[in-house]
Amino acid sequence: MKKYSKKILILSVIFACLMQINVCAKMQEKTYDYVVKAGDTLWKIAVKNQTGVSELVAINPKISNANMIMVGQTIKIPDIRSTQSQENEVAKLVNVERSKVGLPPLKLNWELSRVARVKSQDMSDKNYFSHNSPTFGSTFSLIGKYGIVYSAAGENIAYGYTTPSAVMNGWMNSPGHRANILGKQYNQIGVGMVKNSKGQLYWTQVFIKQ
């Protein structure tokens, strides 16, 4: 079977209930420093920086108790700033396509983007391209694991595309991916992009109805 530099897959799944599964996904290693201020909790810091408490604890081994952080303490934060603009552009382009056919825009949900980013990172780290992860199984299990309630969900993945417009063109030219992007049942989206050590980009879109 020939190996292609650009690939896309699709999976649309309707769930009536949530799935729960334990997962330990490696997050992006690039970080920046945040100084704890009065009134901060680890949860508030996580939400402010659109990440999770588990990610903060994982990259800050000196935090022995997540409920006890000190004012003035320096905490490392996963740095998604370099990729977030491209992720947001993909979400914007999705809504452009939806507007063309009279569909309402999808709300960009940063918690869903967190899930999408974990999926892209896992594909990069484990060197695979599939909706089924050897680490945590279905991406939909992560949605439930991270406490996001939904009644329908779908996923698009891709790699080898270098820009938001390129990956969107690839998805829109595939009937299955297009069906997800234009899904009437969805009202929220998350997008995650990760670059591997060779500079290749992995993309994930997660759609839900909430």
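Is Lys100 buried or exposed in this protein? With a relative accessibility of 60%, Lys100 counts as exposed, where exposed means over 50% relative accessible area, buried means under 20%, and partly exposed lies in between, all taken with a 1.4 Å probe and protein chains only. Before I go on, please keep in mind that this is a predicted model, in which local features need pLDDT of at least 70 and side-chain atom pairs count only at pLDDT 80 or more, while totals for chains, interfaces and linings use all residues. Residues are numbered from 1 along each chain as its sequence is written, and side-chain values use heavy atoms, with hydrogens and water left out.

Let me begin with the overall picture. The protein has seven helices and nine strands; these are DSSP runs numbered from the N terminus, with helices being H or I of at least four residues and strands being E of at least two. Of the 210 residues in the protein, 49% are buried. If we take contacts, meaning heavy atoms within 4.5 Å, and keep those with a separation of 6 or more, then residues 24 or more positions apart account for 73% of them.

Now to the charged side chains. Side chains of opposite charge can pair when their charged atoms come close. A salt bridge here is a side-chain nitrogen of Lys or Arg within 4 Å of a carboxyl oxygen of Asp or Glu, and by this rule the count comes to five. One of them joins Lys76 to Asp33, with the closest N and O atoms 3.5 Å apart, and this pair links distant parts of the chain, since Lys76 is in strand 3 (residues 74-78) and Asp33 in strand 2 (residues 31-35), 43 residues apart. Lys76 itself is partly exposed, at a relative accessible area of 37%.

Another salt bridge holds Glu55 and Arg114, whose closest N and O atoms are 2.6 Å apart; Glu55 belongs to helix 2 (residues 53-59) and Arg114 to helix 4 (residues 110-126), which puts them 59 residues apart. Glu55 is buried at a relative accessible area of 5%, and Arg114 is buried too, at 11%. Arg114 also lies over the face of Tyr146, at 3.9 Å from the ring centre, the rule being that NZ of Lys or CZ of Arg is within 6 Å of the ring centre and within 35 degrees of the ring normal.

To return to Lys100, its salt bridge partner is Glu97, with the closest N and O atoms 3.4 Å apart, and both residues lie in helix 3 (residues 81-100), three residues apart, which is about one turn of the helix.

Next, the aromatic rings. A search of the whole structure finds three aromatic pairs, where rings of Phe, Tyr and Trp (its six-membered ring) pair if their centres lie within 6.5 Å, and planes under 30 degrees apart count as stacked, over 60 as edge-to-face and the rest as tilted. The rings of Tyr159 and Tyr202 are stacked, because their centres are 5.4 Å apart and their planes are at 25°. Tyr159 is in strand 7 (residues 152-159) and Tyr202 in strand 9 (residues 201-209), so this pair ties together parts that are 43 residues apart in sequence. Tyr159 counts as buried at 7% relative accessibility, as does Tyr202 at 3%. Ring pairs also link Phe129, Tyr159 and Tyr202 into a cluster.

Finally, let us look at the strands. Seven of the eight residues of strand 8 are buried, so this strand is largely enclosed by the rest of the structure. Two strands pair if DSSP finds at least two bridges between them. Strand 8 pairs with strand 4 (residues 107-108) in the parallel sense over two bridges, and eight bridges join strand 8 to strand 9, the two running antiparallel.

What is the relative accessibility of Thr204? Thr204, which is found in strand 9, counts as buried at 0% relative accessibility. A polar contact of 2.8 Å joins the side chains of Thr204 and Ser120, a polar contact being a pair of N or O atoms within 3.5 Å, where within protein one must be able to donate a hydrogen and the other to accept it, and residues adjacent in sequence count only if both atoms are side-chain atoms.
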